[in-house]
Amino acid sequence: MYKYSDFDEKFVRERVAQFRGQVERRIDGSLTEDEFKPLRLMNGLYLQLHAYMLRVAVPYGTLSSRQMRQLAYIAQKWDKGYGHFTTRQNIQYNWPKLNDVPDMLSALADVEMHAIQTSGNTIRNVTSDQFAGAAEDEIEDPRPYAELIRQWSTDHPEFQFLPRKFKIAITGSPNDRAVVKAHDIGLRMARNDAGETGFEVIVGGGLGRTPMEGKVVREFLPKADLLPYLEAIVSVYNLLGRRDNKYKARIKITVHENGLETIRDLVEQEFTVRRAAFSGIDQEMLAEIKPAFPKPTYIQAPTDAFTTAYDADPVFRSWVDTNTVAHQNGDYAIATISLKKHGATPGDATDAQMREMADLAEAYSHDELRVSHEQNIVLPHVHKSHLPAIHARLVAADLATANVGLVSDIIACPGMDYCALATARSIPVAQEIATRFDELKLEHEIGALKIKISGCINACGHHHVGHIGILGLDRAGVENYQITLGGDGTETFAIGQRAGPGFSDTEIVPAIERLILAYLDLRENSDETFLSAYRRLGADPFKAALYPDAEKGRKHAA
Amino acid sequence: MQPDPFTASVADRVTDLNERYLNHAAQAVLKRALTDDTVGRIAMVSSFGAESVVLLHMLSVINPATPILFIDTQMLFEETLTYQQEVAAHLGLTDVRTIRATREAVAAHDPDGLLHKSSTDACCDLRKTVPLENALSNFDAWITGRKRFQGKTRATLDFFENEGDTRIKINPLAHWTPDDVQDYIINNRLPRHPLVAKGYPSIGCAPCTSRVAPGEDPRSGRWRDQDKEECGIHFINGKVVRGPILKEEPMNIIVTDQGFGQDDWTLAYTTPDELADNSDAPALAIDLASDADPAVLAGKLDGIDMIRIDFPSFADGRGFTLARRLRLMGFNGRLRAKGHVIADQYAMARRSGFEEVEITPELAERQPWDQWKARATWQDHDYQNRLRGAV
Amino acid sequence: MSRKFTPKVVTANDLLEGDSIWMTADGEWTRDIAKAEYLEDADHAEARLKLAESQPGKIVGAYLADAKLGENGPEPTHFREEFRVSGPSNYTSSKHGAASHV
């Protein structure tokens, strides 16, 4: 894992001191609330419905056991004993007090972490594939590049007051687990005709009010040109992006309004100027970063214990089948710990659970954990012989739910239970859907299905790219839930289509149930996923299940 | 002998008028102002605020057809707009002219109506000062309701003031006390502004007016918690000035690594458009708007000594990229950030290529040098330098 | 002016604690909406909001929220305001006590 250099260490300490000063200056009146707000946001501090909220960056989703223990400590000492892992691989604390935040940031700095640029109109925490460095299909571990981008974007003097927030995602695999096409800039590792690796650069993707699929602005960018090219894009956006309307301020609108060709010309023109200002030191730094992400020193050991347990224990077998995937090393597995126990809050973990996950990582996963954008925790490097022991401990910690990728593995934003921007609740809908399908005992029968719920149009819950998306709105003072169908956040990217009128909070779960039961009837066989069936059949049979009365009415009329 | 209105200077006419009307009552001053030939074309400027009705009533008695300029900042209380209609009807005023900022100006400078949150001065400028300045250009004199008791900035107010040697400003109520105002309103049974009863003894725009507790300075509800006392409708040497009247224009503060200082740049600034006309000037300074395209200066940078980039709001970060672009284009002259740049942004400004920051005295007072000093070691902890190998 | 005015309460968040707070009739701040001043007059409500906004050293983000009069005092009418009173619905008693999983 990346170790902070002296420079990083001093920088983060300095930032904590600055923020401590800014809090004092807000309280003594030197800073107005209007001036303080962007400064606190730049340091991850929001003001939500009931309290402040501190969003801590987990750069490219990678954590050591020591860092995870510190996150637990912070939850216990300054919060209410839990934290919320988010779709941007961050962790959020829901109850900090303003005066405690500098101490929390200081505690983060103790373990080489920070909350810098997890909010505000600036380049946000860079996200990546949660299986980076372990995935079987990977071209190259993207995290050294993500770390380079972290250093470049941190405190970048030009880009702290952009027209709007700016999100970058990077993946090293052809299979996209980082939703790169829904980011302001998506970077996908690719090979050119000469067999060299570089990046396909995608720009102008995003969800929110106006969902858009990112467009390829550069088919192949040599890796050495990464920073100047990013700098060119962001500087073009900084001058060209709209500042008169915050709903039109994201780069997706800039690209849409000016056209990809114009943006590409401006970026390429700026790139030549910016390129010259980089002396190559960034590549030397990259070379120093790379060894911090080595392949694990793999254990050479038999996997018999795993095979025995897998054959003997159906509960364990189910968990392995659902929650683990193939690792680059055949004796290893990537294990996902579900934070989606049926009926629990998606993405929440208590301090005790965080400590247990940290202990498991230290004992069995080469001291590494990952946070996935699907709000689960990953043990990326597990020797198969250790899986039975891990599972047993997860059972004891209430973390062994075998549902990764299934109907109850729901992404949900905090919604109106916490968020000041929300227009409806998300969490209770997720809780009820998960509970209902657990009762029906249909989860494994249904198979791969991604339900994603957002509590407002800003789409933190990625509903546009859920196979089934749910958007909570406020319709004349009542919660109302709209369903979108057929979304896909992977390499076969698609934005879900709205199914029809929304449902009330009591109607939404039965509607989802009708929809999924209809899928079970409609599919060709158990290998055809919901998304495949939707793509084969189109929306109509699914809409018919959602709106049976409308269907009856139409038949009646005919 | 009275000065000739067509040849005598404004200063001479003002001195003469003050001497002649020194002991006159307000009504007499107003009456003479409206009839005295040396005054010239005259208008009353009224906010239709808490005490405006006094002067409006006096005017209506003398000549209800006198032009009255009412500045609608489009930020006024609903009550003020209603009250304006009521008073005009009640007093039979026949020439109330509503003055507003142009739609283009508002669209350009305050499209979301939130400018007052980042800069009350800029908001007053846009919505009040500039429109009024334009409207007054057709007049030789204007009547205001300002009074000495209204604050320390007005304590030495005279009946007649010389405004920039271009106009006469007449303050018939200069010597009135609060009781005089109240008595006049009661005795003449004049309609009161509805917000007065709700705790607003001084009424301006809705966002910047708050209630005043009993015993507080009546004008303390205006621009509360700001140093601001005047809206800017005052001119000195033909230029708009703020703050204490007849005091010199407050100089902006220049922030450098060494501390706060005075502005040593005395030459005028020009815009990129006018650049061609000034090619012979000994030293050239350019004012660049935040939405400017730096490419317009391509090929001309060698002849420019100073570029000053505007920051209309600290949240508008375009200036940082503009500065960086200019440096990348090869500009080696002085580069200054001007406007709403806060102490916390000083390092960003320096790292982007600025040498100095020009801020208002108000900001300098709220964020004194020690707050800037904390970011003056901008060379430290700089990832960009590190990534580029710069020293 | 003739449109019927929906009664309001002035609400905000506490600057230091972040809690939802409401303004009382004597201009103080309470964490109990029932103790808030019930504002039935539009002008008075605006004036109280101005008073709230003049206290940036105590509070953040003051606004007028619709309210109705209940048995013990003002109550929220919109579900958003109800959540600001009750706290998140996914944990029991998490507003003022320790969190416990449902």
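**View 1. Pairing of β4 with β13 in chain A.** In this predicted model, strand β4 (residues 82-85) of chain A runs antiparallel to β13(A) and is joined to it by three bridges. One residue of the pairing is A:Y82, whose bridge partner in β13(A) is A:T350.

**View 2. The five-stranded open sheet of chain A.** Strands β4 and β13 belong to an open sheet of five strands in chain A, ordered β1-β2-β5-β4-β13 with antiparallel pairing. Its edges are formed by β1 (45-47) and β13 (348-350) of chain A, each of which pairs on one side only. On average, neighbouring strands of this sheet are turned by 30° against each other, direction ignored.

**View 3. The side of chain A that touches chain B.** Contacts between the chains involve 35 residues of chain A and 29 residues of chain B. On the chain A side, two or more residues each come from α1 (6-28), α2 (33-42), α5 (143-153), α6 (226-240) and α9 (281-289). The most is given by α1(A), with seven residues. By residue class, this side of chain A comprises 15 nonpolar, ten polar and ten charged residues.

**View 4. The fold of chain A as the setting of the close-ups.** Chain A contains 19 helices and 21 strands. Its radius of gyration, 23 Å, is close to the 24 Å that the globule rule gives for 558 residues, so chain A is as compact as a globular protein of that length. The C-alpha trace of chain A spans about 70 × 60 × 60 Å along its principal axes. Of the 558 residues of chain A, 59% count as buried. Among contacts in chain A between residues at least 6 apart in sequence, 67% link residues at least 24 apart.

Note on methods:
Residues are numbered from 1 along each chain as its sequence is written. Chains are lettered from A and ligands numbered from 1 in the order in which they are written. This is a predicted model: local features need pLDDT of at least 70, side-chain atom pairs count only at pLDDT 80 or more; totals for chains, interfaces and linings use all residues. Two residues are in contact if their C-beta atoms, placed from the backbone, lie within 7 Å. Helices (H or I, at least four residues) and strands (E, at least two) are DSSP runs, numbered from the N terminus. Ala, Val, Leu, Ile, Met, Phe, Trp, Tyr, Cys and Pro count as nonpolar, Asp, Glu, Lys and Arg as charged, and the others, Gly among them, as polar. The radius of gyration is taken over C-alpha atoms; the globule rule is 2.2 Å times the number of residues to the power 0.38. A residue is buried if 20 or more other C-beta atoms lie within 10 Å of its own, exposed if 12 or fewer, and partly exposed in between; C-beta atoms are placed from the backbone. Two strands pair if DSSP finds at least two bridges between them. Axes are lines fitted to C-alpha atoms, for helices over the stretch in contact, and angles run from 0 to 180 degrees between N-to-C directions.
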